[in-house]
Amino acid sequence: MANASRHAQSKIGRLVFGVGNHFYPNSRHSIGLNIVDRVAQRLGLAFVHEPRSLSWVASDGLVALVKPKTYLIEHNAKAYIAAVRHFQVPISQSVVLHHDVDLPVGTVVTRPDRSSTLDSTVQAIADEIELLGLEGVNPQAFPRLPIGVGRPDNEKLQLTWAHIISKGNKDYLQLFLANKFNPEDQKTFDQAIEDHVELIAKSLREYSKNAAERYRRVGAE
């Protein structure tokens, strides 16, 4: 796939949004960003800043991979809404990749329980959908892909006082999410996530191929 220099938002039919904080791209909280980066590499796409979607976007003109330029929880949600609106993609044709502390490291749930408690970032997206009344979508049922990062382990978690003091953050879970995987968990994650990255890339590649063919047929008529 060749990277589009200008995104033709009217033709974008699939959108993948990676939740995270670009200041901490390798943290557990930014696992969605990490996966989106890996998928973009598989597809040969490069990210460019797209201010109207509050994000960096990698696109071939038919699919869009999106990384929020924002970092606060509620701003991640606003970036997602800005992206689906800018590219005119139905929410049903988008998917949000996000971390989940209730899943083992590297575990991906393709059909998450709609009754489960949502992470605060994902809940913020649900709240935005409900507030705007987009498409009559059930806010709790928008397409998403939870990715397991495990739960805090006092013995494995390594924090720096500089980070704690600079952020003034005493919430242990948030500190856990703001940190990288330890070497053992990173190895587990890399091995477990490989097939999922390839499946996402394959799905987008096939969509682009089929969509391009449809546009060619229409243009030839």
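Colleague: Let's start with S1 and S4: how do they run, and how many bridges join them?

Modeller: S1 and S4 run parallel and are joined by four bridges, where helices (H or I, at least four residues) and strands (E, at least two) are DSSP runs numbered from the N terminus, and two strands pair if DSSP finds at least two bridges between them. Within this pairing, Val16 stands opposite Leu65 in S4. Before we go on, please note that this is a predicted model, in which local features need pLDDT of at least 70 and side-chain atom pairs count only at pLDDT 80 or more, while totals for chains, interfaces and linings use all residues. Residues are numbered from 1 along each chain as its sequence is written, and side-chain values use heavy atoms, with hydrogens and water left out.

Colleague: And what stands opposite Leu15?

Modeller: That is Ser94 in S5, the strand of residues 94-100, which runs parallel to S1 and is joined to S1 by four bridges.

Colleague: Why is S1 described as largely enclosed?

Modeller: Because four of the five residues of strand S1, residues 14-18, are buried, the strand is largely enclosed by the rest of the structure; buried means under 20% relative accessible area, exposed over 50%, and partly exposed in between, with a 1.4 Å probe and protein chains only.

Colleague: Stepping back, what is the order of elements?

Modeller: From the N terminus the order is β-α-β-β-β-α-β-α-β-α-α-α, with six helices and six strands in the protein. Of its 221 residues, 46% are buried. Among contacts (heavy atoms within 4.5 Å) between residues at least 6 apart in sequence, 73% join residues at least 24 apart.

Colleague: Now the charges: how many salt bridges does a search of the whole structure find?

Modeller: The search finds eight, a salt bridge being a side-chain nitrogen of Lys or Arg within 4 Å of a carboxyl oxygen of Asp or Glu. One of them joins the side chains of Asp37 and Lys67, at 2.8 Å from N to O. Since Asp37 lies in helix H1 (residues 31-43) and Lys67 in strand S4, this pair ties together parts that are 30 residues apart in sequence.

Colleague: Is Lys67 buried or exposed?

Modeller: Lys67 is buried, with a relative accessible area of 15%, whereas Asp37 counts as partly exposed at 27% relative accessibility.

Colleague: Which residue forms a salt bridge with Arg151?

Modeller: Asp102 does, with the closest N and O atoms 2.8 Å apart. Arg151 lies in the loop between strand S6 (144-148) and helix H4 (161-167) and Asp102 in the loop between S5 and helix H3 (120-132), so the pair ties together parts that are 49 residues apart in sequence. Both Arg151 and Asp102 are exposed.

Colleague: Which residues are linked in a network of salt bridges?

Modeller: The network links Arg42, Glu194, Glu198 and Arg205. Within it, the side chains of Glu198 and Arg205 meet at 3.9 Å, N to O.

Colleague: Last topic, the surface: which residues make the nonpolar patch?

Modeller: Phe23, Tyr71 and Leu72 make a nonpolar surface patch of about 300 Å². Patches are made of residues with over 30% relative accessible area and no salt bridge, like charges being joined within 9 Å and nonpolar side chains (Val, Leu, Ile, Met, Phe, Trp, Tyr) within 5 Å. Tyr71 is found in the loop between strand S4 (63-68) and helix H2 (73-86), and at 40% relative accessibility it counts as partly exposed.

Technical notes: Accessible areas come from the Shrake-Rupley method with a 1.4 Å probe; for residues, only the protein chains shown count as cover.
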